[in-house]
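Keep the sequence and the 3D view side by side as you read.

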Amino acid sequence: MTTSRRTGTRRAEQTTSARRAPAVVSEPPPRPDKVPFDIDDVLARVREAVRDFADAAMFALAARGHDTVFEQLVACILSIRTLDEVSLPAALALFERAPTPEALARLSPQAIDERIRPVTFHEAKAHQLHAIAVRTRDAFGGTLPCDAQVLQSFKGVGPKCAHLALGIACGHEAISVDIHVHRVTNRWGYVKARSPEATMEALQAVLPRKYWVELNRLLVPFGKHVCTGARPRCSTCPVLRACRQVGVTNPR
Ligand code: SF4
């Protein structure tokens with residue numbers, strides 16, 4: 001490697017690490033009007049609150065039998081930047097046409113694209129899914145292993161999808177942080193982190209392992225219906241007495 005390339009690489013690494021928000025685990029901010037934050041109690045209340053809401057897409061698919069690593073990974077890719085109401089039917093339509101990696105690999109990216117068209121970035125995702133299916137067939141004999149490194153070696157697959165797939169399909173203890181989990185846990189004051197990646201690191205340090213998979217299942221519907229992005233429903237929220245409401249300025 002030439003000196004300038006080395007310098008360029010170092011600069012890129014420095015820029016990346018400077019951009020990366022640090023993970024911060026902190027005591028919830030003191031609030032005399034609040035009870036101590038007890039994660040067991042808070043999650044029990046959230047569990048009750050979301051009982052009648054629809055499961056997040058990947059858990060709903062697992063309940064319908066689509067619970068292999070491959071299916072969960074495909075479903076998670078479809079769900080990126082896409083509402084569950086859109087990604088879930090798209091995943092079901094795709095699995096109906098191509099229920100195995102081999103069957104999906106036999107389809108062209110264009111044929112995959114036709115089935116997932118309502119999904120955001122459908123064209124790019126079609127190519128991505130086709131490539132994953134081909135490699136799953138050719139390199140892994142048609143069965144993806146329960147291995148985070150393998151899953152994250154696929155283009156476009158990060159910790160969020162890899163961890164959720166491994167948690168649901170393999171029973172691995174893994175925290176998956178999407179925008180809902182990030183927003184809610186930071187509003188609670190349970191962690192203090194600027195990005196979903198940093199929140200995941202912070203949660204790994206404080207959250208009891210028994211909740212690592214369930215957290216996503218609970219907080220996705222909770223974030224969609226109660227602790228919403230704009231104007232969270234604090235006045236009727238079951239965890240109001242413990243939540244520090246960090247950054248909440250205009251609640252309902
Ligand atoms: S009290 Fe408000 S900010 Fe806290 S979890 Fe409930 S809805 Fe979210």
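Of the 14 residues around the ligand, the nearest are Cys227, Pro232, Cys234, Cys237 and Cys243. A residue counts as near if its C-beta atom, placed from the backbone, lies within 6 Å of the molecule. This is a predicted model: local features need pLDDT of at least 70, side-chain atom pairs count only at pLDDT 80 or more, and totals for chains, interfaces and linings use all residues. Residues are numbered from 1 along each chain as its sequence is written.

**Helix H2**
- Val42, Leu43 and Val46 are buried in helix H2 (residues 39–49).
- Seen down the axis of H2, its buried residues fall within an arc of 90°, so they line one face of the helix.
- The arc is taken from the directions from the helix axis to the C-beta atoms.
- Asp40 and Glu48 are exposed on the other side of H2.
- Buried means 20 or more other C-beta atoms within 10 Å of a residue's own, exposed means 12 or fewer, and partly exposed is in between; C-beta atoms are placed from the backbone.
- Helices are DSSP runs (H or I, at least four residues), numbered from the N terminus.

**Pro99**
- Pro99 sits in the loop between helix H5 (84–97) and helix H6 (101–106).
- Pro99 is partly exposed, because 13 other C-beta atoms lie within 10 Å.
- His66 is 33 residues from Pro99 in sequence, and 9.0 Å from Pro99 in space, C-alpha to C-alpha.

How values were computed
Helices (H or I, at least four residues) and strands (E, at least two) are DSSP runs, numbered from the N terminus.
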